[in-house]
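Subject: A structure for you to look at

Hello,

I am handing over the structure we talked about, and I hope you enjoy looking through it. Please open it first, and then read on for what turned up.

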Protein chains: 4
Amino acid sequence: VADVAVLGAAGYAGAVAAALLHRHPGFELRHVTARTDAGTRLDAVHPRTRVPLELEPPSTELDVDAAVVAYPHGAAAPVVAALLERGVRVVDLSADFRLHALETYEEWYGEHGAPELLAEAVYGLPELHRDDVRDARLVANPGCYPTAAILALAPLARAGLLGDVVIDAKSGVSGAGREPSHAKHFVTVDETVMPYKVGGHRHTPEIEQELGGGPRVTFTPHLVPVSHGELVSCYVMPTEAVDAAALYRDAYEGEPWVEVVEGPPGMTEVRETNFCRISVHDDPRTGRLIVFATIDNLYKGTSSQAVQNLNLMFGLDESVGLPA
Amino acid sequence: VADVAVLGAAGYAGAVAAALLHRHPGFELRHVTARTDAGTRLDAVHPRTRVPLELEPPSTELDVDAAVVAYPHGAAAPVVAALLERGVRVVDLSADFRLHALETYEEWYGEHGAPELLAEAVYGLPELHRDDVRDARLVANPGCYPTAAILALAPLARAGLLGDVVIDAKSGVSGAGREPSHAKHFVTVDETVMPYKVGGHRHTPEIEQELGGGPRVTFTPHLVPVSHGELVSCYVMPTEAVDAAALYRDAYEGEPWVEVVEGPPGMTEVRETNFCRISVHDDPRTGRLIVFATIDNLYKGTSSQAVQNLNLMFGLDESVGLPA
Amino acid sequence: VADVAVLGAAGYAGAVAAALLHRHPGFELRHVTARTDAGTRLDAVHPRTRVPLELEPPSTELDVDAAVVAYPHGAAAPVVAALLERGVRVVDLSADFRLHALETYEEWYGEHGAPELLAEAVYGLPELHRDDVRDARLVANPGCYPTAAILALAPLARAGLLGDVVIDAKSGVSGAGREPSHAKHFVTVDETVMPYKVGGHRHTPEIEQELGGGPRVTFTPHLVPVSHGELVSCYVMPTEAVDAAALYRDAYEGEPWVEVVEGPPGMTEVRETNFCRISVHDDPRTGRLIVFATIDNLYKGTSSQAVQNLNLMFGLDESVGLPA
Amino acid sequence: VADVAVLGAAGYAGAVAAALLHRHPGFELRHVTARTDAGTRLDAVHPRTRVPLELEPPSTELDVDAAVVAYPHGAAAPVVAALLERGVRVVDLSADFRLHALETYEEWYGEHGAPELLAEAVYGLPELHRDDVRDARLVANPGCYPTAAILALAPLARAGLLGDVVIDAKSGVSGAGREPSHAKHFVTVDETVMPYKVGGHRHTPEIEQELGGGPRVTFTPHLVPVSHGELVSCYVMPTEAVDAAALYRDAYEGEPWVEVVEGPPGMTEVRETNFCRISVHDDPRTGRLIVFATIDNLYKGTSSQAVQNLNLMFGLDESVGLPA
């Protein structure tokens, strides 16, 4: 049983990670930290977690084997570096180590706090990089949109069939974080659908990197009146004709957490689970393929995927402790 | 003051049409009919309408100057024919007279009940066919998705700039009608987004017709947990570079019910109004244009647009009695 | 046509008041002010209002005949005093002038900023105090919960039948204001019902005052996942047997904005209108009466009621410009 | 490992019971039956269950040790009788065996299909009747409202302190079942709160029975726009002064599934778990006590409670396989 900590446990993602690790037979959750709410018990801030640990002030001086870092982009890098320095293996939920190319990071996020670690960071999508994750000191946990979008498009990308791509994504509000704002006020979100970051969401380069360059991706997220859940609708003109249904079944055969289904999937089918559900459809009149993928942005999109990565890193069964 | 009737007033669209016409200074609502609920007052079935008229059994023997027909596709055609026969001018909310080509209708809907009327029917999108509506005996009121999609894309289509098009549409549940079903059960819809009729929604040919043929349109509707409201997100690769913002401002200058705005619009901005809000955005990395249009599916998408058409047909100010 | 201003127009209540007055044939909306967002147009902050006026910084130096003051409790009193000083008639949306007894105000709200005005302030519930409102310089617009609760219970109170009262109230989130907070975050509110201010909500003394003292009122508000709308469920053990249905019909006969209905009313029946819908029911097994009243908290509960008061104050038809 | 069946597994409650038993280490789910959807796999009808068993046509000829019967009231009794006849132990989710007095059943539900079994049926609220459940052949699983209401009021009832009681209950829509209807249409439920069965809900006698007679209970349920979740707000005038906080803490000390908390609890805190959360508050101005209890109506309110009862009946740890 390895000792773990969750840094930044007062946010939505950190709290879910803490709840999963607290009940996990292979890990012992030793510390939860938070910038705000330090001194309060986690189950007072997030009653659903039922984690009775007290939130400690931010620190990297933690005697643990592994840590989940749930810090904002930019703030995560130095914390991750300090933990690695102490010999702590890290799953980082931020974007800081997801992009291999430093200049791409700088273009989208600004200065990088620990560029020397970029080379060794493993992009933590187990379905694509399972073996690298096992040996990693530092796993960059994918963004929620990229998790769904890459799983939706990887079979076509690997087969070299990926033409231009339009991704129209719909996300529940927890994806935007717990910090109160006008945009997340109930009255703003209720009874509407709101496109945002049109033509420039930071998850775009992450998706393009994992699809192997090539296609020009238009990625447009929309906020929907849902707490958690994410659906990506992907429109692809394949470079040649393909039996997409067979391609997808083969691609994900044996994958424990990817379900290829016939009908289009809805968010509630995967809510609070580590599953990603995918369906692929022909649009006979245009020749396009339409691929849907749905995940829970806080689970497979973030925190249960972090635990999936930790399982791999510590030689456990990949699925132990993951919510089904 | 012209006498009007609403046939099929127990459904959502018919009820809104009745409510608008009941308060309209230029029309006198004389009859409301319904297959179910006949004998009940409309305000008992739909309290929000506050229309105290009793629902009458279905009939076309009505002494009125005009009628709004809110019948299902297929059932509307013979009713419309009978009304025209009596000299009643008609705004038909069904799809029966929207498509000019009989074979296209038959392909998507089956046999047509009054094909001889197709030639004279006017497609009732005032922003495109205002003059024809004025003189029409029979106006085919556009579908809700086509209203938003065509208004979103018409400026590019008219400028000959429309390349291939992907339309990802999101609709509130009232768009699916009032008949109870598993798909419209609160528990089914809540906390999810559901794609439906993937690769084959009947509104596709209607959109293509009004965009002037040419582009291959992929149209995918999604059900969202919202009562009424509709957003179409349109992705277009223009055939040449264009100052889209200027194009759209010019195209809709002076239009009373189309608002071209800068930021992406949300459904609540137009809820229970006759407005359509549109924004157009460059996706600099791919060259695509992204156009959003939002309407209330029961208002500009159906019933207030029907009243807008009636206003034109009876020589009234186009905007009188329309909800702002 | 009287000139009016709305002070504090960036909040939900102020924005609705501005929207109604901007379209009102009897008033000319001259100024809208706001602490935040000054310099921005109101229709940029609240697109639905479609009020193109620029928000001005807070000021009482306004040349208008009347003002709606939409300030927080405590902050309103000095502003109201300054406006009256200039000869401006005021409808105050805050609690500052609702309670006749200074000591009750101090007990629930703290020090009062203009106690000398308490005596002349009229409690602006037109159904109870219509004549006093007509002549008032200063109208204290009722709270949203008291509007519904008092209208629900006044017939029993006036008949001397009111025994002990339990009021279980449910409110949409806009009732809690526009300021972002954890409590109003979409994720907090969605899929739950949350009691708050249990045993001590400040609207309690306002309800008791208008019911004429006597009964011990337990008032418990609950936040529900709804944008606007309010339902109060009132449980009363009457002091003697009564034909409650007849009592209520008589009490509100001729009232333009109170609808006594048979079945229990739902929030959507009055949404974005000035109506209050009431039903009264016997609980045969216990002898209790159960009274429901529903309003839109931003309309009859606040801003359209403010306009109703302004109509009375300026000798207009009480109902002109009110949303039905 | 005992063999079990779920009869009526296509409804919401049956599906949750099947999902829990399918994963339960102490039971083997052998059969799922359904009136509709027979021949379909349960995971096709309810994807979230991920139970790959095929729904069988209704039958009581099942070779199992125990069955959960999820039939409507009235239809359950003969099915239960047939199962008992075969030696199958039963947890019945209907109301058919909850009321001890036949005449009370007949008054509220009509004729009883197996009155001879009433005497031996145990009311399956483990917190009150744990020992009787262990030995029962037939457990009548409590209604969802009674589960919350009785747990909320039992400590006062047992202490003889329960004066008259008002219970204002709020329930998510799944509590009304899966059968489509106007009342459960998304558009009907969204953005409103609807009281129903005012003055006569069938759960009233069940609550009164378990509270030991005495108090006159007014019970009023409201439908809220939530999928699952239930909150009861109970208003009690105690017969004498009491330290309610201490009384409740003591009453539920050691209970694994009842959490007494300080602040009022919200539905999401217990969603998809077997927990019931309770808080008790003084209303100092009136002397009333206000008690809140929240459960998930499909879990502690129905199906996970059924599994809790099965655990007791088969000598397992009471909490095994229950969702936390």
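**Around His112(A)**

Leaving aside neighbours within four places in sequence, His112(A) is in contact with Ala77(A), Asp96(A), Phe97(A), Leu102(A), Tyr105(A) and Leu118(A). Please keep in mind that this is a predicted model. To find the residue, go to the loop of chain A between helix H4 (102–109) and strand S6 (122–123).

Is His112(A) buried or exposed? Its relative accessible area is 6%, and buried means under 20%, so His112(A) is buried. Two backbone atoms are reached by its side chain: the oxygen of Asp96(A) at 2.5 Å, and the nitrogen of Ala114(A) at 2.9 Å. Asp96(A) is also among the contacts listed above.

Next, have a look at helix H6 (residues 144–158) and helix H9 (residues 244–252), both in chain A. They pack with their axes 10 Å apart and at an angle of about 105 degrees. Angles from 65 to 115 degrees count as roughly perpendicular, so that is how H6(A) and H9(A) lie to each other.

Which residues meet there? H6(A) brings Ile150(A), Leu151(A), Ala152(A), Leu153(A), Ala154(A), Pro155(A), Leu156(A) and Arg158(A).

**A covered helix**

Helix H8 (residues 203–210) of chain A is mostly covered, with seven of its eight residues buried. These are His203(A), Thr204(A), Pro205(A), Glu206(A), Ile207(A), Glu208(A) and Glu210(A).

What covers them? The cover includes the helices H4, H5 (126–135) and H6 of chain A, together with the strands S6, S8 (165–171) and S10 (217–223) of chain A. H4 and S6 are the elements on either side of the His112(A) loop, and H6 is the helix that packs with H9. After H8(A) comes Gly212(A), which has a positive phi, near 85 degrees.

**How the two chains relate**

Finally, step back to chains A and B. A rotation of 180 degrees, with 0.0 Å of shift along its axis, superposes chain B on chain A with an RMSD of 0.0 Å. The two copies are thus related as by a two-fold rotation axis. Both copies use the same surface, as 100% of the contact residues of chain B recur in chain A.

Happy exploring, and best wishes

Methods: Residues numbered from 1 in each chain as written. Chains lettered and ligands numbered in written order. Predicted model: local features only at pLDDT ≥ 70, side-chain atom pairs only at ≥ 80, totals over all residues. Heavy atoms only, no water. Helix = DSSP H or I, 4+ residues; strand = E, 2+ residues; numbered from the N terminus. Buried < 20%, exposed > 50% of the residue type's maximum accessible area, 1.4 Å probe, protein only. Polar contact = N/O pair within 3.5 Å; in protein donor to acceptor, adjacent residues only side chain to side chain. Contact = heavy atoms within 4.5 Å. Axes fitted to C-alpha atoms, helices over the stretch in contact; angles between N-to-C directions. Parallel < 35°, antiparallel > 145°, perpendicular 65-115°, else oblique. Least-squares fit on C-alpha atoms with pLDDT ≥ 70 in both.
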